[in-house]
Structure formats: structure tokens, C-alpha cells
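Reader: Hello! I am new to this one; could you show it to me and walk me through it?

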Amino acid sequence: MLCLGIESSCDETAMALVRDGVLLGERIASQVDMHAVFGGVVPELASREHLRWLYPLLDELLQEAGLAVSAIECVAVSRGPGLLGSLLVGLGFAKGFAYGRGIPLVGVNHLPAHLLVAGLEHKLVFPAIGLLVSGGHTHLYHMRSPVEVELIGRTLDDAAGEAFDKVAKLLNFPYPGGKHIDRLGKGTPPDHNLFPRPYLHNDNLDFSFSGLKTAVLQYVHKHAELVMPSMDAVLQPGFEPSTAMACLCSSFNWTVAETLRVKTERALDRYPDVRGLYVAGGAAANSVVRKVMEDVAARRNKTLLLPSPSLCTDNGAMIAFYGEILANAGLFHGLDLEAVPRGKP
Ligand code: KG4
Ligand code: ZN
């Protein structure tokens, strides 16, 4: 079934076409630069940008794929979680498209869609443990099938990506700063004792990253020279971090990755029958997180389903791919489909 996927939950307007699990084309209009000057996503601006970009992206996508609009058989749209105004723009577009063309509509939960997009590059494996590490969520799932996904652990406060962004903000890096911390720590060994690995002295599968953020805040207060003089300093060609900056970034990368590892291994212990380990979401683009999860999967003989970095952050392919799975399972929605900005849609 040729499925159009629409993603507009936050600050990326994205669309993709998937047929029989194969990606035929994708387009993305990123708003990151526009929001960067505000140090975070401005919801009203995000909604306006989605409204501006959805139609041009559809035209570009169809041209790229060499397909007529009449070939689309199903439209899938991210229904949440995310920013309400942004979601409503995507939903309005998808409903109008489905109604106008007389094709079925599928509302997609953005969170499992992040995990299942791995199916574009790997054969899906079940049962599995899923670790979702995005800007808004840090969730552990037990996955029996693409449509039987149970939440078994979550963050009690900040998400992993959010912790990266808050630490980046302390250092006066541009938003979203996770990728800069990743890059500036590369090639420098981490100091395992620089920051505490948070919320591990318990027997649950939940996370808490706010204490780690506070530890970095205290460290940066004592080392004010680490704060960049201007927000674009790290973007300048040839920028090299100081030894102390490289160590901070490397140690922070390691501390987050290690914390994710401990809870993920605990989940694997609890569900010994699982065959796969899915890792996705923006922070799964982090090179240290990727390496740590590759090691976990290899050591425990699990199949790792870790999308390429470009498929870890928000994209249309994940909505189209998961949307087609849901459509093939007959899980359609009516035109009364609602946005679910918070919680589990
Ligand atoms: O999944 P995503 O694109 O959007 C949400 O659904 O939240 O995740 C965005 C998050 C941001 O917090 C961003 O800083 C983080 O992913 N991120 C990274 C890296 N690339 C993106 N964090 C650490 N290292 C990276 N390389
Ligand atoms: Zn996301």
C-alpha cells in the first residue's frame, strides 16, 4: 500500500512515501535555525512554519518519487505526543487530504514510530526491548509486535535529549545542543568520576536526569571559562574545544550512555526471552550511546535495531513506515481523529 507519512509534532515539517516497507522518497523542512536564536522551540512559530511548508513538500516529494498524487492509497499522520498547535496543522492537512482523495487515514503514535523506523534498514525482530531517547521522552518498552508495545520504564523528570540540550545551553551552545556535545567530546577519553550516574541505586526501569544536569551546572559555575563567549562560537570553522571542554563533553556523553545502558540491561534481564534491542530517538544519534548499545547487543547476543543517525531524529519516513504497518493491520481512524499532545496516544 502506498502510504504518505506526515510528521509535524515539533520543529521539523517532514513527509515521506513508503510502499511495502520500502522508502520511495522523503522531504524535510527543518525549523531548527529559526528557533535556535530563541534557545528553544517557539510553539506559535513552529505551527506557522508547518502550515507554510506542508504543500510545497508534498509537491517536491511526489516529483522526487516520480508519482502522481492519485497513487497515494493511505495517509498517516503523527497524532502526538508533541506541540498541540503543530500537531493540529499536520492533522488538518492529513484529514483534508484523506477526505479529498477518499483514502483511509491513520493516526500514528510518534513514540513507537521512532523505534519501528528501524524496519526500513533491518528486518524487524520480536519480542524486543525498545529504548526511546528523544528530546521529550526517555522510555523503555517491551515490544511483542509492532502493535503490542508496552511502556515499562520512563524518565521521572528530564528526557535524555533534554539533558543534552540543557547542558549545551549552560555552555552557551546553540539549540538543540546535543549534537555539539557529541562532536566536541569525540577523541577525548571520558572522566568516569566527573559526574554522577543518576538514579541507578534502585531496582526499577525509570530514569532521572535532572540531578545530572544540576551536577553539570555546579561544575560549570566553578569553571566559568567553559562558557562560550557567543552562541555561534562552536559553529565557527576550525573551532577546537579546550582540553577541559572536550573532557566535559566526553564525560557527559559517557555518563548519559552508561545510565541508559544500566537500565536497558536491567530490562533485558527482566525479559530474557527477547531477541531484539531497538534504540531510537534524537539522542540515539549520539556516537557514544550508539557504541554502548552496539556493545550491549553484541555481548547479550541480541539483534540491534538502531536506525542511521538521520532516521533517529524526527522524520517523515517513521510515520509513513509505521502508518503502513497499522493500515495493513486495519487500524484506521475516522475524520474525528484528535491530536494527543501529552501522554500515550
Ligand atoms: O527525536 P527528536 O528529533 O525529537 C523529539 O521527538 O524530541 O530528538 C531531538 C533531541 C534533541 O534533544 C537533540 O539535542 C538530541 O535529540 N540529539 C542529540 C544528538 N542529535 C540529536 N543528542 C545527543 N547527541 C546527538 N548526536
Ligand atoms: Zn521525536
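Predicted model: local features only at pLDDT ≥ 70, side-chain atom pairs only at ≥ 80, totals over all residues.

Reader: Which residues does Asp182 touch, not counting residues up to four places away in sequence?

Author: Asp182 is in helix H6; helices (H or I, at least four residues) are DSSP runs, numbered from the N terminus. Asp182 counts as buried, because it has 22 C-beta neighbours inside 10 Å; buried takes 20 or more other C-beta atoms within 10 Å of a residue's own, with C-beta atoms placed from the backbone. Beyond the residues up to four places away in sequence, Asp182 touches Asn253, Asn286 and Ser287.

Reader: Which helix gives the most to the shell around ligand 1?

Author: A residue is near a molecule if its C-beta atom, placed from the backbone, lies within 6 Å of it. Of the 19 residues around ligand 1, those that come nearest include Gly135 and Asn286. Helix H5 (160-170) and helix H6 (178-185) each supply at least two residues of the shell. With four residues, the one that gives the most is H5.

Reader: Where do His110, His114 and Asp314 gather, at one spot or apart?

Author: An unreviewed UniProt entry annotates His110, His114 and Asp314 as "binding site". They span 205 residues in sequence, yet no two of their C-alpha atoms are more than 8.9 Å apart, so they gather at one spot.

Reader: Is His114 buried or exposed?

Author: His114 lies in helix H4. Leaving out residues up to four places away in sequence, His114 touches Leu132, Ser134, Ala280, Gly281 and Met318. Since there are 30 C-beta neighbours inside 10 Å, His114 counts as buried.

Reader: Which residues does Gly136 touch, not counting residues up to four places away in sequence?

Author: The unreviewed UniProt entry includes Gly136 in another "binding site" feature. Gly136 sits in the loop between strand S6 (128-133) and strand S7 (138-145); strands (E, at least two) are DSSP runs too. Setting aside residues up to four places away in sequence, Gly136 touches Pro81, Ala159 and Glu162.

Terms used
Residues numbered from 1 in each chain as written. Chains lettered and ligands numbered in written order. UniProt positions renumbered as here; feature names shortened; annotations may be inferred. Buried ≥ 20, exposed ≤ 12 C-beta atoms within 10 Å, placed from the backbone. Contact = placed C-beta atoms within 7 Å.
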